[in-house]
Amino acid sequence: MAKDKTTFICTECGGTSPRWLGKCPSCGAWNSLIEQVAEAGPGKNRLSAPQGYAGLAHAQPVMPLAAIEAQDVARTPSGIEELDRVLGGGIVEGGVVLIGGDPGIGKSTLLLQAMDALQRAGLPALYVTGEESGAQVALRSRRLGIDGSQVQLLAEIQLEKILATVDATQPAVVVIDSIQTTYSDQLTSAPGSVAQVRECAAHLTRMAKGTGIAVILVGHVTKEGALAGPRVLEHMVDTVLYFEGDTHSQFRLVRAIKNRFGAVNEIGVFAMTEKGLKGVSNPSAIFLSQHSEPVPGSCVMVTLEGTRPMLVEIQALVDSGGPSPRRLSVGLDKDRLAMLLAVLHRHAGVACMDQDVFVNAVGGVRISEPAADLAVMLAITSSLRGKALPRGFLAFGEVGLAGEVRPAPRGQERLKEAAKLGFSVAVVPKANAPKKPIEGLTIHAVERVEEAMNVVRGIG
């Protein structure tokens, strides 16, 4: 089979070259030329040619948006509740999902479990592995306790053979593990290059949209933690999931970064066991330390991950520092910690200028929302004074530079979750105070940081 002609295109200016050059002849940019299939003639059906995308959608007349019938997307549960939560309810017909994460964190394990559950539910599944032999995958399935699995397995990395197998077997779900090992004969570049990743992902996406087969791609990550292949994959797929967590820890988080069929920033919590990944139904228990008695420097907050409120313990340690005190935070933004210390000094009269300040979110969770501000400040104050916050205490709220406490989104849900888990005292922004009292929960609504400090002193 003759290979299609390829050309090299500059990512900076769009200039073309018949061969690879270190420097673009058009704009002078270095290392910007990437390989791409040349535009095909009328008889070809290449994806890089405009007519190659004709199969993605049937030709339709122009219609006003109000005249188009909106239909709910049909979903198929994967059999793993936490994975379904992250996906928005289940796997969508013709949807393309990308799962990324560090090596050894559990991507292949989770997908093998999900494919087996789908197969047992009556949906034919095909698992394409390019990184392991069939015997290695079978060995893992035995280790996970998956006996008598009818999941079809294909050890192949050539795209054309994979597409031919999918066409012949007609599965409902296909897993490609991984997209970086897959290559197309039409390109001369090595597997894992930007050109190969983009071309293979485009073919698989077109196949998914044209046939209704759901495709799940496993993506490698770079040493910086981003998906390999400069965000090419993330733009092409419908859903992007990231595995988070330390490989030395028992727990894993699966977070939705992009989802055309559900909520973003939704998370699923898994525990790695001898029998694979198991869903954790009450993740708040992971992120709360088990203290027999309240200890100084600890404050619980309620963070919102997608649609799920979770209780997380914020720990702070303030210790005497040298001439250049350290500010270190794990799981929270370092720059925000420096800002909160300045607000604490200016508006609450709590000075930490000559102190080392260490802040940690328990359980390895990363908190990106500013609703953690108030809990961080109270934990720092508690550690500095050596006085523990009362048992059953929690706080949340964003703190501004003027010392005001701003409301957090969906405050009612956060408070209800806290009351359900037995918390009894809460310091919250005034705008988040509920109109009706919540049973078992005493709520102190504050407008400024100094008010919050006075409330804590009064109830301590």
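Two strands count as paired if DSSP finds at least two bridges between them. In this predicted model, strand β6 (residues 96-100) meets that rule with strand β11 (residues 239-244), the two being joined by four bridges and running parallel. Strand β6 also pairs with strand β10 (residues 214-219), and it contributes to the lining of the largest cavity.

**Burial of β6**
- Five of the five residues of β6 are buried, so the strand is largely enclosed by the rest of the structure; buried here means under 20% relative accessible area.
- Val96, Leu98 and Gly100 point one way from the strand, while Val97 and Ile99 point the other way.
- Residues on either side of β6 are buried.

**Strand partners**
- With β10, β6 forms five bridges in the parallel sense.
- Within that pairing, Ile99 stands opposite Val218 of β10.
- Toward β11, to which β6 is joined by four bridges, Ile99 has Leu241 as its bridge partner.

**The cavity**
- The model has one cavity of 30 Å³ or more.
- The largest cavity holds about 70 Å³ of space.
- Its lining consists of Arg75, Leu87, Gly90, Ile91, Val92, Gly95, Val96, Val97, Asp238, Thr239 and Phe261.
- The elements that give two or more residues to this lining are β5 (91-92) and β6.
- By residue class, the lining of the largest cavity divides into six nonpolar, three polar and two charged residues.
- Val96 and Val97, which point in opposite ways from β6 and are both buried, are among the residues that line the largest cavity.

Definitions and conventions: Residues are numbered from 1 along each chain as its sequence is written. This is a predicted model: local features need pLDDT of at least 70, side-chain atom pairs count only at pLDDT 80 or more; totals for chains, interfaces and linings use all residues. Side-chain values use heavy atoms; hydrogens and water are left out. Buried means under 20% relative accessible area, exposed over 50%, partly exposed in between (1.4 Å probe, protein chains only). On a 1 Å grid over the protein atoms alone, a cavity is a set of points where a 1.4 Å probe fits but cannot get out, and a pocket is an open set with protein on both sides within 12 Å along at least five of seven lines; lining residues have an atom within 4 Å of a point. Grid points are joined across faces, edges and corners, and a volume is the space filled by probe spheres set on the points. Ala, Val, Leu, Ile, Met, Phe, Trp, Tyr, Cys and Pro count as nonpolar, Asp, Glu, Lys and Arg as charged, and the others, Gly among them, as polar.
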